[in-house]
Amino acid sequence: MNLNRLRLKAVWLLVLPFLILARPTWSLIAIGAALAALGLGVRAWAAGTIHKESQLTVSGPYAFTRNPLYVGSFLIGIGVTTAGGHWIWPAVFVVFFTGVYARTMAVEAGRLTELFGERYRAYARAVPAFLPRLVPYRPDADSRTAGFRLEQYRGHREWEALLGAVAAFAFLAVKTWWLGS
């Protein structure tokens with residue numbers, strides 16, 4: 001089983017207990033939804049900008065962090081788990097995320113080094129793997145890529161992340177209403 005499939009299947013080990021044991025409140029849902037919305041925006045921007053394996057993308061959100069899709073996923077996950085109503089959920093999520101995505105980012109960095117060689121190494125020296133830099137990376141003009149394109153966003157099926165987040169917050173809202181919180 002490849003790392004991507006394992007990542008997608010392993011998350012269900014957390015999702016089911018979370019959905020059963022979560023004790024959301026309206027205020028936590030609002031905070032969590034704001035974090036998740038930010039994450040969805042970052043993921044959308046990244047998905048509409050990236051040129052997977054055809055060219056090294058170093059513009060848009062990739063000028064701030066080498067892994068904006070994962071930064072977006074992190075914000076979505078922290079948002080949803082914060083809405084869960086107990087500190088344990090974000091803590092478990094951070095441990096899970098770190099365990100899975102640290103390895104994923106390392107594998108991807110190796111693949112990008114193979115594909116783009118010194119151009120990727122120079123980019124990796126200048127742009128952090130996860131925590132964004134404050135000033136965008138500005139390589140020479142030949143290295144820049146086109147900006148956001150809606151058809152690319154759709155082609156990368158980013159709407160699935162949006163649907164997942166909406167479903168999670170809808171479930172938490174119904175549970176909050178049901179519990180009378």
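# Questions on a predicted model

Q: Does Arg121 count as buried, partly exposed or exposed?
A: The relative accessible area of a residue decides this: under 20% is buried, over 50% is exposed, and values in between are partly exposed, using a 1.4 Å probe and protein chains only. With a relative accessibility of 37%, Arg121 therefore counts as partly exposed.

Q: At what pLDDT do side-chain atom pairs count in this predicted model?
A: Residues are numbered from 1 along each chain as its sequence is written, and side-chain values use heavy atoms, leaving out hydrogens and water. Because the model is predicted, totals for chains, interfaces and linings use all residues, local features need pLDDT of at least 70, and side-chain atom pairs count only at pLDDT 80 or more.

Q: Which residues are linked in a network of salt bridges?
A: A salt bridge requires a side-chain nitrogen of Lys or Arg within 4 Å of a carboxyl oxygen of Asp or Glu, and the side chains of Glu118 and Arg121 meet in one at 3.3 Å, N to O. Glu118 and Arg121 both belong to helix H6 (residues 118-126), three residues apart, which is about one turn of the helix; helices are DSSP runs (H or I, at least four residues; strands are E, at least two), numbered from the N terminus. Glu118 is partly exposed at 41% and also forms a salt bridge with Arg125, with the closest N and O atoms 2.7 Å apart, while Arg125 is exposed at 60%. The linked residues of the network are Glu118, Arg121 and Arg125.

Q: How many residues apart in the chain are Arg43 and Glu158?
A: Four salt bridges are found in the whole structure, and in one of these Arg43 meets Glu158, with the closest N and O atoms 2.7 Å apart. Arg43 lies in helix H3 and Glu158 in the loop between H7 and H8, so the pair links distant parts of the chain. Arg43 is buried at 14% relative accessibility, and Glu158 is buried at 7%.

Q: What span is expected for helix H3?
A: The expected span of a helix is 1.5 Å times one less than its number of residues. Helix H3 (residues 26-47) has 22 residues and reaches 31 Å from its first C-alpha to its last. That reach is close to the expected value, which is 32 Å.

Q: Which helices do the buried residues of H3 pack against?
A: The buried residues of H3 include Ile29, Gly32, Ala36, Leu40 and Arg43. Packing is judged by contact, which means heavy atoms within 4.5 Å. By this criterion, the buried residues of H3 pack against H4, helix H7 (150-155) and H8.

Q: How far apart are the C-alpha atoms of Tyr153 and Gly48?
A: Tyr153 lies in helix H7 and is buried, with a relative accessible area of 16%. Not counting residues up to four places away in sequence, Tyr153 touches Ala44, Ala47, Gly48, Phe148, Glu158 and Trp159. Although Tyr153 and Gly48 are 105 residues apart along the chain, the separation of their C-alpha atoms is 4.1 Å.

Q: Are the rings of Phe74 and Phe93 stacked, tilted or edge-to-face?
A: Rings of Phe, Tyr and Trp (its six-membered ring) pair if their centres lie within 6.5 Å, and planes under 30 degrees apart are stacked, those over 60 are edge-to-face and the rest are tilted. The structure holds 13 aromatic pairs, and the pair of Phe74 and Phe93 has ring centres 5.8 Å apart and planes at 40 degrees, so it is tilted. Phe74 lies in helix H4 (residues 68-83) and Phe93 in helix H5 (residues 88-116), so the pair ties together parts that are 19 residues apart in sequence. Phe74 is partly exposed at 22% and Phe93 is buried at 13%, and the arrangement of their rings is tilted.
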